[in-house]
Amino acid sequence: MGKKLLIHNEHVANIHTLEVYKQHGGYASVEKAIKTMTPEAIVEEVKKSGLRGRGGAGFPTGMKWSFLAKPEGVPRYLVCNADESEPGTFKDRYLMEKIPHALVEGMITSSFALGVHTAYIYIRGEYFYVSRILEKAIEEAYAAGLLGKNILGSDYSLDLYVQVGGGAYICGEETALLESLEGKRGNPRIKPPFPAIAGLYGCPTVVNNVETIAAVVPIVMMGGDEYAKIGIGRSTGTKLISASGHINKPGVYEIELGLPVEEFVYSEEYCGGIWKGKKMKACIPGGSSVPIIPAELLLKTAAGEPRLMTYESLSDGGFATGSMLGSGGFMVYDEDTSIPMNLYTLNRFYHHESCGQCSPCREGTGWMEKVAHRLAEGHGKPSDIDLLWDIQKRIEGNTICPLGDAAAWPVASAIRHFRQEFEALIPKKEVAH
Amino acid sequence: MPKVTIDGHTIQVPDGTTILQAARMIGPEVAPPTMCYYSKLKTSGGYCRTCIVKVTKGSDKDPRPMPKPVASCRTMVMDGMEVVNNTSPEIVDARKGVVEFLLINHPLDCPVCDQAGECHLQDLGYEHGLSSTRYDFERRTFERKDIGDKIQLHMNRCILCYRCVKTADQVTDGRSHGVMNRGDVAEISTYIEKAIDNDFSGNVIDVCPVGALTDKTFRFKSRVWFTKPVDAHRDCPKCSGKTTLWLKGEDVLRVTARKDQWGEVEEWICNECRFDKKKTKDWIIEGPRKIDHHSVISQNHYNKLANPHYKKLGK
């Protein structure tokens, strides 16, 4: 049984209340941080922990924090990205719904470390009921003196707000999120400047995923070095995985990074194997944007090494034979799944969610959807597969934000690994006698 | 003062210069085409991706190349930076891709479009486009919207460059139009079909790179290459009064702002000059307007154009 740091109390009755949460050691990190640590020391611990952003990109959190500009007389902001919209990812919802105080506690401790006095949780529109849960938790924290003026009698003050978004996938991109939070149209900004220099309202801002912020709590409690002992290499700590698809036990699992993928898929403790006694055909291991890979490449790298649940191992072999850990949206497909139909579904999503700012994504995603639809429905042309490949190649890397890449990678990987399946769907021309 | 090398030409530029500006300083042979960037409009650029270039060396301090093509209009030069534009087959191909994307849903109704002849998308398609399309689906269309008696909105032709939105925002008071909806159904429009009505709103026509916003008072009057551009001015209490008149015989068919080498207006003009002064006696005519780089109008001959791409093509 792996170590659990984030959702170990998930089944405790009434853990969503401040009282029960505190009985189980909650808010100790706030106490420890404010009373015994300096902000710099906390940032140092986070750096030592090797924690990497849990939203998908995996950028080292400590480094992100140390980039935050600190000009005199200018407010700084911490924004929690709770706009969890990546298809196949639902870990943040689970965490916020079950243990809302874990996020609130992480927000307070992180805000203290960053010298922030106003922090926001930007939550996606579809999670409206979760926003209510969070607001209740924040209310309790204010009443207990954990938020507001002079937290725990210190001279540190923090206000924490929840903002509900309109439900656009693009608002999960950090600069689009900031635009939306400012009350504008949720279009990604052109970078640089990065949020660490000019973010919310033009002030230095750190944007972190829910799980990243929640992970700051155990890091402060156990120390960065201790946290870094969990996991392998540069993939330290635990990670929440949203397991879905054709498995026996879909759900949210907290794993220690470094767990063999095979164990994750087949052991009773986690996914419990493929449903109905079928075989696994393919898997998207990190949310819909990362490349889909066939079962044999999921379990073993091209070099024959067992694949592990780490940032490095899952991307071993690059896009040719690997994928990415991404947000941990682990989607498993059984042998009867149509990859072209799956691709069409993803294309439709990205087309719908493209913000329309830059040309390749605005026009390309719609085009890919139409071609993929034709292919999946069996009306494709022999040139369509190469056309799809060409379109994705011309989107990838040429857009303002990563949505273009996210739309292109599934197409590239589906064609790379399952080309025959697409070819089989193209009607054969009748030969004239 | 940082030094930057673009396609083998080295130039020293002031701090804060973008790659695009530096390339324009070198000359049209290295300057990337632009569809959304407009030097007179703050925060413009970055959307269309036609001006992408490859940074092969970041700077003297950090010589690493940039991993992806960058929008030259929004990327600042660093000392020692090396950039490839037309000399990079990869960039030329990527630009072809962008042009293809811009054209797949464009109606290609040039024969009835008033912008034809001075349309940047036409130029771009001519230089970088394919002779046929790979897009065999129905093209996107929008419902027609009336935005007043002076400006014709043709949303089907729009490439969402945001120039008009920024013009309305930065040049006129009380912006009444913007971008509605999302993705490939996003459109520029006025809120609840409100008419655009203020003294400088006509400038959105001049900044539009395509035929999405055209002059209603000039609608279907003439192809632009049959009109003769002359510089003229008048004493205007609202604007500089410096304009270009487009004449057919003695008739003033159209009034626009004066545009520079890059197709950008030199000075904004007011609606009175643009729409209401259509008699030669309203104006003091200075002499013929030289139109180069982006237009077939200048000499009525394609081969006289300054743009080297046309020369290469031998047209």
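In the contact between the two chains, the side chains of Lys381(A) and Asp136(B) form a salt bridge at 2.4 Å, N to O, a salt bridge being a side-chain nitrogen of Lys or Arg within 4 Å of a carboxyl oxygen of Asp or Glu. Between chain B and chain A the count comes to eight salt bridges. The model is a predicted one, in which local features need pLDDT of at least 70 and side-chain atom pairs count only at pLDDT 80 or more, while totals for chains, interfaces and linings use all residues. Residues are numbered from 1 along each chain as its sequence is written, chains are lettered from A and ligands numbered from 1 in the order in which they are written, and side-chain values use heavy atoms, with hydrogens and water left out.

Turning to the whole interface, 34 residues of chain B are in contact (heavy atoms within 4.5 Å) with 33 residues of chain A. The two chains bury about 2900 Å² between them, with carbon and sulfur atoms giving 49%; buried area here is the accessible area (1.4 Å probe) that two parts lose on being put together, summed over both. Within chain B, the residues that lose the most area to chain A are Phe101(B), Arg134(B) and Arg182(B), together 26% of what that side buries.

Polar contacts join 22 residue pairs across the interface of chain B and chain A, both residues at pLDDT 80 or more. Such a contact is a pair of N or O atoms within 3.5 Å; within protein, one must be able to donate a hydrogen and the other to accept it, and residues adjacent in sequence count only if both atoms are side-chain atoms. On the side of chain B that touches chain A, helix H2 (89–104) and strand S7 (177–180) are the elements that give two or more residues, as assigned from DSSP runs (helices H or I, at least four residues; strands E, at least two; numbered from the N terminus). H2(B) provides the largest share, nine residues.

Within chain B, an automatic or database assignment gives domain 1 (3–90), domain 2 (104–219) and domain 3 (221–315). The centres of domain 1 and domain 2 of chain B, taken over C-alpha atoms, are 27 Å apart. Their contact draws 13 residues from domain 1 and 17 residues from domain 2. About 1100 Å² is buried between these domains, 63% of it on carbon and sulfur atoms. Met35(B), Leu41(B) and Tyr47(B) supply 53% of the area that domain 1 buries against domain 2, more than any other three residues. Zero salt bridges are found across this domain interface, but six residue pairs are in polar contact, both at pLDDT 80 or more.
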